[in-house]
Amino acid sequence: MFSRLREDIQSVFDRDPAARNFWEVLTCYPGVHAMVAHRRAHWLWTHRLRWLGRLVSHLARFFTGIEIHPGVTIGRRLFIDHGMGVVIGETAVIGDDVTLYHGVTLGGTSWNKGRRHPTLENGVVIGAGAKVLGPITIGASAKVGSNAVVVKDVPAGATAVGNPARIIDSAQARKREEMAGQLGFSAYALAGDQDDPLAKAIHGLLDHAVAVDRRFELLLRKLEKAGVDVEGELATADQFDPQYLSKIVD
């Protein structure tokens with residue numbers, strides 16, 4: 001029990017730069033509290049003390065804002081960031097080193113008995129407000145963007161965004177992700193077909209930056225082939241400040 005608690009606390013330090021010390025995490029992180037309560041509730045549930053298991057789960061929901069059914073199977077080092085509004089249904093299965101942000105739902109789409117909730121394999125990240133519904137599988141190290149609604153399997157290592165969710169696999173989308181990372185933030189949670197004008201503006205900016213970089217590299221290659229020395233000119237060019245962009249889009 002205590003070894004699991006130490007792992008939970010260490011996972012907070014590994015994935016939350018706001019965590020400052022052991023005592024703060026132990027006393028002020030509802031995700032840690034929810035996991036401690038769930039282990040007790042799950043033990044009661046699996047030993048057929050199901051009313052007591054539900055009661056412990058219900059009390060944990062009251063104190064943390066996180067609802068985890070006592071029947072859920074959870075691996076090691078689950079990190080629930082902030083946690084308010086997280087709902088995890090009875091037959092969900094969660095692997096090791098999974099990260100869930102606030103407002104995530106691992107829900108069902110059927111009233112039938114049996115498996116009706118998702119399986120999250122190791123290293124999955126589910127963005128804030130995302131809904132993962134039905135007996136589907138989210139592959140290892142996959143990501144689900146904020147507010148996505150996922151009703152189909154997501155392959156290992158893929159990123160799913162939008163409502164309904166789609167897999168980002170085009171060359172343009174990958175270039176956009178790379179450029180977003182260079183600018184100091186990740187755009188994986190933004191879907192190209194959303195109505196949010198800010199999301200569309202950011203996508204347009206990233207696409208334009210990708211196109212400009214490609215043309216600039218092509219131009220430099222042609223100048224070098226022509227014997228033109230451009231190193232001095234480039235050295236005096238203005239440098240782009242990614243921190244400035246981060247400030248103006250916050």
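Residues are numbered from 1 along each chain as its sequence is written, and side-chain values use heavy atoms, without hydrogens or water. Because the model is predicted, local features need pLDDT of at least 70 and side-chain atom pairs pLDDT 80 or more, while totals for chains, interfaces and linings use all residues.

I start with the sheet. Six strands form an open sheet in the order E3-E6-E9-E12-E14-E15, with mixed pairing. Strands are DSSP runs of at least two residues, numbered from the N terminus, and two of them pair if DSSP finds at least two bridges between them. E3 (79-80) and E15 (166-167) stand at the edges with a single partner strand each, so one side of each has no neighbour in the sheet. E14, residues 159-161, pairs with E15 in the antiparallel sense over two bridges. In that pairing, Ala 160 stands opposite Ile 167.

Next, Thr 99, which is found in strand E6. Thr 99 is buried, at 5% relative accessibility; buried means under 20% relative accessible area, exposed over 50% and partly exposed in between, with a 1.4 Å probe and protein chains only. The side chains of Thr 99 and Arg 15 are joined by a polar contact of 2.7 Å. For a polar contact, N or O atoms lie within 3.5 Å; within protein, one must be able to donate a hydrogen and the other to accept it, and residues adjacent in sequence count only if both atoms are side-chain atoms.

Last, the rings. Which residues form the aromatic pair? Phe 62 and Phe 63 do, edge-to-face, at 5.2 Å centre to centre and 90 degrees between the planes. Rings of Phe, Tyr and Trp (its six-membered ring) pair with centres within 6.5 Å; planes under 30 degrees apart are stacked, over 60 edge-to-face, the rest tilted. Phe 62 is exposed at 67%.

Notes
Helices (H or I, at least four residues) and strands (E, at least two) are DSSP runs, numbered from the N terminus.
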